[in-house]
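Work through the exercises below with the sequence and the 3D structure at hand. Try each task before reading its solution.

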Amino acid sequence: MDLVTQFNSAVNGNVASLGSFRPELALTFGTLLLFLADVVWRKSSARRTVMTGFALAVLAATAVLLAAQPAAGELLYRPSLFNRMLANDAFASFFKWLFLAAGALTVSIAAAGKDFPSDRIGQFYALLTSIVLGLFLMSSASDLLMMYMAIELVSMVSYVLAGFRKGDRRAAEASLKYVIYGGVASGVMLFGMSYLYGLTHTTDVMRIAQEVQNLGLGASAATRLTIVLAIVFVTAGIGYKVAAVPWHMWCPDVYEGAPTVFTAFLSVGPKAAGFALALRFFYTAFAHPAAVSGLAAAVSGIPWTAVVGVLAAVTMTLGNLTALSQTNMKRLLAYSSIAHAGYTMMGVSALSEMGKQSVMLYMLIYLVMNVGAFLVVILVAESTGSESILDYRGLSKRHPFAALALAIFLFSLTGLPPFAGFAGKWYLFYAIFERIPGEGGGWYAILALIAALNTAVSLFYYVRIIRAMYIDQPYAPPTPIKAPVFYQLLLGGFSVAVLVFGVWWTPMIEWTRASLQISRG
């Protein structure tokens, strides 16, 4: 095939891919329209309402186009897009729905809150939709270059939004630390990707799988070492996105300094995208065919499942132990987020279909309970001007419904029945228990024990907040907290969801099971 024919084939493939790329196109042009609308309505008194309507319309249009995507087996379905740069599968669609939900909730909460003044809220919405676009690409990326560009799109805009509040030293510090850590992680990841390309002569994840299998059969010691280094470097980039140890240092300062609305989004959106990227990368490039021991076999017998398990154990332990001494709610939830990244990594380490499903299920549940917890933080901070746990004393008297909702979310984050968090953790543990009878089962038994002990530790600092709300006496006479009706409706919806899905898991299980398919080109 000559160069002209190859070029024409690539162009035709890209044009044909546009039909399955409509949700991403809606986000792209929607972001540009939001920037334009922000200029047009700059002096309008209804600017906040108009820009909120525009942002929700962009997300709604994206949702409609996503729902209309051809499914596998239909005539117009394409398993890969743009010459295998992006995958078009049920796995990516599942995470895209999560990102749209997170984006819509963030827009709605920001519109009712005080974090963003009316003269800047249009910029926030435009930047937020561009992050959602990056998250879409992260969940679909099946090429090293696309993985890197998607991560950078999310990261670059996140740096801006972390320091979005002018004149706030904490926000400036958070943004600067985010940039420094993010730049180092991106550089290290790109270095690892260059090694993989040098060894395999391709950036296509599926072709990397085949090449690494071949290299593992009779590779020299130097080649094996290079593969190990490449995987470690790429893992550093992904670990940075999910705030796994030892790439977590940015997380507490960024969570504390960023606007709380964006912190809530940051705790669920990019984290879920990071795990989607990790599952696609490790379950294809280093676990092909997707057997339970594929990852270890692909890299000359190195027990990568145990390595990921060790990272999971260290991440959840450090997150929980450090959260014990926190007095700021946002910092406490930041270390809690690190710990939950460790729990979720158990599913990745299982390297099985159940492990993959457990990660997807946990991210779905985590979206509801963590955004709900941050919504109470926003409510209290807007009323008291404080994020200290001491100011949650007597909350049960000042706003009984908010206190009850936060207690529900915290018990769910712990993983206690009958809350939805229990369902998520049950599946993570079940994925580990499945592996105990097989080869290397001792590693999984130890990991399950460490996770159980960490769950007990987490209960201590979550209950400390509940004690402050219901038992500890406030320093000053309690004054009622007035919350917007919309906040209370959201809290009610989140609380009901956590309670209902704690005893009725079937819809979530069926959805995640139907979304396990990862396209292999």
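**Exercise 1.** Is H201 buried or exposed?

Solution. This is a predicted model, in which local features need pLDDT of at least 70, side-chain atom pairs count only at pLDDT 80 or more, and totals for chains, interfaces and linings use all residues. Residues are numbered from 1 along each chain as its sequence is written, and side-chain values use heavy atoms, with hydrogens and water left out.

Step 1. Recall the cut-offs: buried means under 20% relative accessible area, exposed over 50%, partly exposed in between (1.4 Å probe, protein chains only).
Step 2. The relative accessible area of H201 is 62%, so H201 is exposed.
Step 3. Locate the residue: H201 sits in the loop between α7 (169-200) and α8 (205-218). Helices (H or I, at least four residues) are DSSP runs, numbered from the N terminus.
Step 4. Check the backbone: H201 is not a glycine, yet its phi is positive, near 65°.

**Exercise 2.** Find where A243 lies, and state whether A243 is buried or exposed.

Solution. Step 1. A243 belongs to the loop between α9 and α10.
Step 2. Its relative accessibility is 1%, so A243 is buried.
Step 3. A243 also has a positive phi, near 60°, in a residue other than glycine.
Step 4. The loop between α9 (221-242) and α10 (250-257) holds P246 as well. The peptide bond from V245 to P246 is cis, with omega near 10°.

**Exercise 3.** Where is P418 found, and what is the peptide bond from P417 to P418?

Solution. Step 1. P418 lies in the loop between α17 (400-414) and α18.
Step 2. The bond from P417 to P418 is cis, with omega near 5°.

**Exercise 4.** Describe the aromatic pair of Y427 and W505.

Solution. Step 1. Rings of Phe, Tyr and Trp (its six-membered ring) pair if their centres lie within 6.5 Å; planes under 30 degrees apart count as stacked, over 60 as edge-to-face and the rest as tilted.
Step 2. The search of the whole structure finds 29 aromatic pairs. In the pair of Y427 and W505, the centres are 6.1 Å apart and the planes are at 70°, which is edge-to-face.
Step 3. Y427 is in helix α18 (residues 420-435) and W505 in the loop between α20 (485-503) and α21 (506-514), so the pair ties together parts 78 residues apart in sequence.
Step 4. Y427 is buried, at a relative accessible area of 14%.

**Exercise 5.** How do helices α3 and α4 run relative to each other, and which kinds of residue meet?

Solution. Step 1. Axes are lines fitted to C-alpha atoms, for helices over the stretch in contact, and angles run from 0 to 180 degrees between N-to-C directions.
Step 2. The axes of α3 (residues 47-67) and α4 (residues 90-112) come within 10 Å and cross at roughly 170°. Therefore α3 is roughly antiparallel to α4; angles under 35 degrees count as roughly parallel, over 145 as roughly antiparallel, 65 to 115 as roughly perpendicular and the rest as oblique.
Step 3. With contact meaning heavy atoms within 4.5 Å, residues of α3 including L56 and L59 meet residues of α4 including W97 and L100.
Step 4. The contact residues divide into 12 nonpolar, five polar and two charged. Ala, Val, Leu, Ile, Met, Phe, Trp, Tyr, Cys and Pro count as nonpolar, Asp, Glu, Lys and Arg as charged, and the others, Gly among them, as polar.

Technical notes:
Helices (H or I, at least four residues) and strands (E, at least two) are DSSP runs, numbered from the N terminus.
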